[in-house]
Amino acid sequence: MNHSIKRHSETAFEDCVEAGFLATGFKLVPNAEFDRELAIFPSVVLDFIRETQPKEWQKLEALHAEKTGQQIIADLCKWMDAHGSLATLRHGFKCYGRTLRVAFFKASHDLNPELESRYAANRVGITRQLHYSTRNNNSLDMCLSVNGIPVATLELKNAQTGQNVDHAMKQYRNDREPRETLFEFKRRTLVHFAVDTDSVMMTTRLAGAATHFLPFNIGDDGGAGNPANPNGYRTSYLWKD
């Protein structure tokens, strides 16, 4: 297949996936916002904390002045390196004795408007062609983040280009260095999806050639895979549901 046609087909699939995520409430986060060394989107994190926890921010600002943001990001990354990103998203982290939250979960009832507004302030982000490495200019097709903390990566293949989910898994095994900060187990991203138009595979830990993938399909009439979708790709549940 002509390379430009192949790239166009791949881009068309990426466009569809992106549009699907945006339709469910995701926001575009530009590639340029990403800090490759820290493997987070610092400005998104800081905007979220400033908006949802102004009192804590002001108290820290009284101590650190214009270096407040820098201090918060340094303490957040140290905390995630020690405790993991999932625990940090659930419980927050400490900065100079104060607990800061990087995500708010839905309250069990609607009686507290402050909790509701904090939950509404969560920003789930999508970034295309993320240049993640401090060692080279490698990029991955898609990264999903919560308030600036990356939680999932996706490698997308369109079967029309002659590539499929197997090629995406091979890419993760051969071309994605597990020691890159973004991919370090538990410290940043939590799950990696290999996706084509018909099938999805996932792994929670990159380990080079030893990376083990599991199916993330919904089944097809009692069998493996996904049912035919008259309105689009078989794998559209991934970005719609």
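Tutor: For the classes used here, Ala, Val, Leu, Ile, Met, Phe, Trp, Tyr, Cys and Pro count as nonpolar, Asp, Glu, Lys and Arg as charged, and the others, Gly among them, as polar. The model is predicted. On that division, the lining of the largest pocket has 14 nonpolar, 2 polar and 1 charged residues. The space in the largest pocket comes to about 330 Å³. Its lining consists of 17 residues, and those closest to the pocket centre are F26, L144, V151, A152 and F193. Four elements each supply at least two residues of this lining: the strands β5 (139-146), β6 (149-156) and β7 (191-195), and the helix α8 (237-240). Of the elements, β5 gives the most, with 3 residues.

The second largest pocket can be described in the same terms. Its volume is about 180 Å³. Lining the second largest pocket are L86, L89, R90, A103, F104, F105, Y119, N122, V124, V146 and L190. Here helix α5 (residues 85-91) gives the most, with 3 residues. By class, the lining of the second largest pocket has 9 nonpolar residues, 1 polar and 1 charged.

The axes of α2 (residues 42-52) and α4 (residues 68-83) come within 10 Å and cross at roughly 105°. Angles of 65 to 115 degrees count as roughly perpendicular, and α2 and α4 are therefore roughly perpendicular to each other. In this contact, P42, V45, L46 and I49 of α2 meet G69, I72, I73 and L76 of α4. The contact of α2 with α4 has 7 nonpolar residues, 1 polar and no charged ones.

How values were computed
Residues numbered from 1 in each chain as written. Predicted model: local features only at pLDDT ≥ 70, side-chain atom pairs only at ≥ 80, totals over all residues. Heavy atoms only, no water. Axes fitted to C-alpha atoms, helices over the stretch in contact; angles between N-to-C directions. Parallel < 35°, antiparallel > 145°, perpendicular 65-115°, else oblique. Contact = heavy atoms within 4.5 Å. 1 Å grid on protein atoms, 1.4 Å probe; cavity = no way out; pocket = protein on both sides within 12 Å on 5 of 7 lines; lining within 4 Å. Points joined across faces, edges and corners; volume = space filled by probe spheres on them.
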